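Trainee: Could you take me through this model with care, one step at a time?

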Amino acid sequence: MKLKPGKREQIFPLPVALISTISKNGVRNVAPWSNITPILRPLEEVILASWIKRDTLMNIRETGEFVINIPRAGMEEAVMVCSRNYPPEVDEFEMAGLKTRPSEKVKVPGVEGCIAWAECILVEEILREKFSLIIGKVVNLEVDDDFFDEEGKMDFEKAKPLSCILGPKGLTFTCPGSTGKSADYSEMFLGGKGS
């Protein structure tokens, strides 16, 4: 079967993040985001794609700051409330019943109840006709100790970070599960580790 352009999004399992920002007038904004990825390893910079007319994009342009919040299963209703097209003057933390979490390096608060918070500053915007690519530098990264071990490894079966699959009429929330297979990074090198 060949998929038409409008259905091609269905092949990608997507992460679900909540991007929190503040407007230049101090209005708090939270929006769900799936078009987001780290730029290689380690997690020093991230890139997110945005439609041109988004309050989140405007806030990032005006303040240069944002927080990537990683929600867990059970937060689907709040994510959906934040997805609504509220006017810029509406505080979306209040609309979704979300509590703020103080950030350490940026003025923008994080979302309490998430499993991780990446505080970011704007590095570069790549503007296209219909969308914009935002590159941010992670200036502080914190995680909920309940879901990470001493080495920083997530127990994803316990944490249940949200992801989603888009469909023709909506989306289905999912979360990762183990296939039973693990691998060392060294297995990616033909001649052994580091060769």
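**From Ile 11 to the strands**

Trainee: Where is the place of Ile 11?

Mentor: The model is predicted, so local features need pLDDT of at least 70 and side-chain atom pairs count only at pLDDT 80 or more, while totals for chains, interfaces and linings use all residues. Residues are numbered from 1 along each chain as its sequence is written, and side-chain values use heavy atoms, with hydrogens and water left out. Strands are DSSP runs (E, at least two residues) numbered from the N terminus, and Ile 11 lies in the segment before strand S1 (14–15).

Trainee: Is Ile 11 buried or exposed?

Mentor: Buried means under 20% relative accessible area, exposed means over 50%, and partly exposed lies in between, with a 1.4 Å probe and protein chains only. Because its relative accessibility is 55%, Ile 11 counts as exposed.

Trainee: Which strands are the edge strands of the open sheet of seven strands?

Mentor: Two strands pair if DSSP finds at least two bridges between them. The order of this antiparallel sheet is S3-S2-S6-S9-S10-S5-S4. Pairing on one side only marks the edge strands, which are S3 (28–33) and S4 (36–38).

Trainee: Which residue in S10 is the bridge partner of Cys 120?

Mentor: Strand S9 (residues 116–127) pairs with strand S10 (residues 131–143) in the antiparallel sense, over 11 bridges. In S10, the partner of Cys 120 is Val 138.

Trainee: How many residues lie between S11 and S12 in their hairpin?

Mentor: Strand S11 (residues 163–166) and strand S12 (residues 171–174) are paired antiparallel over four bridges. In the hairpin that S11 and S12 form, the number of residues between them is four.
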